[in-house]
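Let's walk through how two protein chains meet in this model. Have the structure open as you read.

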Amino acid sequence: MAGFFLRRLAQSLLILLGVSMITFVLLYWLPADPVRQIAGRSATPQTVENIRQQLGLDQPLWVQYWRYLGGLVQGDLGRSYLQKTEVSTLIASRLPASLLLMAGAIFAELLIGLSMGIIAALRRGTVTDQSLMIVSFIGVSAPQFVVGLLLLYVFAVQLGWFPIGGYGTFAHLVLPSMTLGILGSGWYSRMMRSSMIEVLRQDYIRTARAKGLNRMRIIFRHALPNAILPIIAMIGIDIGIFMGGIVVVESVFGWPGIGQLAWQAIQRVDIPIIMGVTLVSATAIVIGNLLADFISMIVDPRIRTR
Amino acid sequence: MANSVNSDPATAIIAERGVIAQFARRKLALFGLFLVFLTLGAAIFAPWLTTFDPNEQMFDGLTLQGAPMPPGGPFALGTDLLGRDLLTRILYGARTSLIIGVAANGLALFIGTVVGVTAGYFRGWVGSVLMRLTDLMMAFPALLLAICLAAIFQPSLWIVALVIAIVYWVQTARVLFAETASLAEREFIAAERTLGASHTRILLKHILPHLVPTIIVWGTLGISTTVLLEATLSFLGVGVQPPTPSWGNIIFENQTYFQAAPWLVFFPGLAIVTLALAFNLVGDALREILDPTQRGRD
């Protein structure tokens with residue numbers, strides 16, 4: 001198991017190296033010239049050239065990448081072109097907001113998704129089951145910005161229960177978390193339903209029933225803990241999905257996380273920031289996938305022997 | 001009979017399992033199919049379904065204060081910030097979404113199939129390199145990558161389709177890799193090889209036909225995913241560019257005004273959800289019917 005762990009870890013580092021290389025090349029090809037952005041419209045060609053040399057942007061691509069990689073190994077993500085601050089400082093100041101939103105989103109997804117899945121499984125084949133599954137289908141078919149804007153309109157603009165975007169209090173966290181929760185719950189509820197149905201079919205549940213145990217006790221004490229195991233690994237994958245889409249939800253709700261940081265940087269061609277956020281997100285995705293693998297190995301000993 | 005199965009396994013698989021009959025028994029799937037045809041009808045017959053031009057900024061399309069008109073009256077779904085008829089733009093927007101759904105998803109499916117099948121059949125270093133490439137793609141924050149790509153190329157409808165395909169092919173590749181790898185180890189493939197059949201012949205005649213059901217399922221589900229991606233990119237302003245109407249860019253253009261004119265978000269949003277839901281329902285039903293591992297479940 002330790003060997004497997006080390007091998008996966010090494011693979012993950014290689015993947016991240018690949019991500020950094022591809023992103024670096026892509027950003028190098030951006031048609032917009034970052035130096036012009038920094039220098040401003042009225043700058044003379046001489047000033048532009050000076051800045052280019054200062055930043056080392058006159059060097060060939062591979063030299064620039066090598067230098068970047070050298071910094072990266074020491075935890076240095078470079079400096080923002082426009083904000084004149086270390087990228088790592090900027091990301092560190094934004095990361096807590098994103099992580100808070102991630103926690104809120106995963107909590108909402110699990111709360112909505114698991115309860116829908118459990119109810120659907122227990123009422124299998126009924127109208128309740130079918131309606132819940134239709135709802136979960138709509139959940140996976142709706143884009144974040146549509147759900148986000150509609151929730152904002154109903155609960156912030158019309159009812160005034162929550163603030164219209166922003167950050168700071170618990171109330172600010174509710175709508176963005178619910179947006180992601182409604183969407184993400186679609187997958188969880190479908191998985192929970194089939195996992196629960198599978199478990200309820202097992203012999204030990206029949207034994208419990210035959211012993212005359214109370215129905216609620218069978219469901220919550222015997223079936224649920226087993227049915228929930230495959231779902232736990234899914235949370236790891238979910239971190240990746242969250243990181244992939246964070247730009248949208250943060251821009252809809254004006255949430256000051258790394259997604260918004262990246263989005264502003266893209267509009268201003270502030271390449272070191274784009275690069276940094278991409279790498280941090282990719283790292284989160286890789287860690288999430290690793291977690292998913294290890295959690296499944298720990299909770300299901302059958303996988304360990306493979 | 002044996003001969004006909006041999007000549008075209010794909011048709012045979014579909015006929016043998018009575019796919020159409022099974023599909024017709026599923027109410028949700030039929031509802032999904034109905035929604036698909038509804039959108040298709042809107043896209044094809046848009047010029048006949050409305051009397052307005054999608055890009056015409058009408059003088060009477062704004063109130064005296066210059067605000068968009070609410071739904072009702074001459075403009076069934078109201079007008080947008082520039083006084084254009086919203087219903088007309090949504091109808092024409094269906095064209096954008098369907099073009100993306102066919103072009104982007106088709107291209108992604110093609111790349112995914114080529115990569116997945118090649119890696120699964122040849123294994124060895126070719127297979128490893130290709131599969132490590134998919135690992136790499138899986139680690140990318142998809143939306144950030146798409147936004148960067150869209151910024152490098154100046155976004156037009158076809159560029160957006162290309163960007164989405166580049167981001168999205170990985171899923172198909174991974175599924176087809178697993179299936180091809182297990183097919184390639186089966187005895188009938190080994191038998192063909194012993195008989196001296198070329199790789200091309202084995203791949204085209206024996207492997208690919210068995211993958212058709214999976215390709216159909218992923219092709220259908222992929223339309224939803226690609227349509228949602230296009231909507232999201234256009235909503236951020238880096239997808240399909242106005243004045244070409246797309247459901248995502250309608251919301252992008254009118255977003256600042258949505259508190260006063262929620263219909264400008266609601267109706268295009270409804271259109272996006274409808275189309276994505278339609279293909280998800282159809283695709284999910286097809287998966288349950290065509291995927292042998294799903295059999296006996298519900």
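What follows starts at the interface and then moves to the nonpolar cores.

This is a predicted model, where local features need pLDDT of at least 70, side-chain atom pairs count only at pLDDT 80 or more, and totals for chains, interfaces and linings use all residues. Residues are numbered from 1 along each chain as its sequence is written, chains are lettered from A in the order written, and side-chain values use heavy atoms, leaving out hydrogens and water.

Chain A puts 47 residues into the contact and chain B puts in 41, contact being heavy atoms within 4.5 Å. Together they bury about 3,700 Å², with carbon and sulfur atoms giving 79% of that; this is the accessible area (1.4 Å probe) lost on putting the two parts together, summed over both. On the chain A side, F137(A), F145(A) and L149(A) lose the most area to chain B, together 16% of what that side buries.

As for charges, there's one salt bridge between the chains (a Lys or Arg side-chain nitrogen within 4 Å of an Asp or Glu carboxyl oxygen). R190(A) pairs with D284(B) in a salt bridge, their closest N and O atoms 2.9 Å apart.

Now for the cores, meaning sets of buried Ala, Val, Leu, Ile, Met, Phe, Trp, Tyr and Cys residues joined through side-chain atoms within 4.5 Å, where buried is under 20% relative accessible area (1.4 Å probe, protein chains only). The largest has 145 residues, and F145(A), I147(B) and L236(B) have the most contacts inside it. Apart from it lies another core of 18 residues, including L114(A) and I205(A).

Note on methods
Buried means under 20% relative accessible area, exposed over 50%, partly exposed in between (1.4 Å probe, protein chains only).
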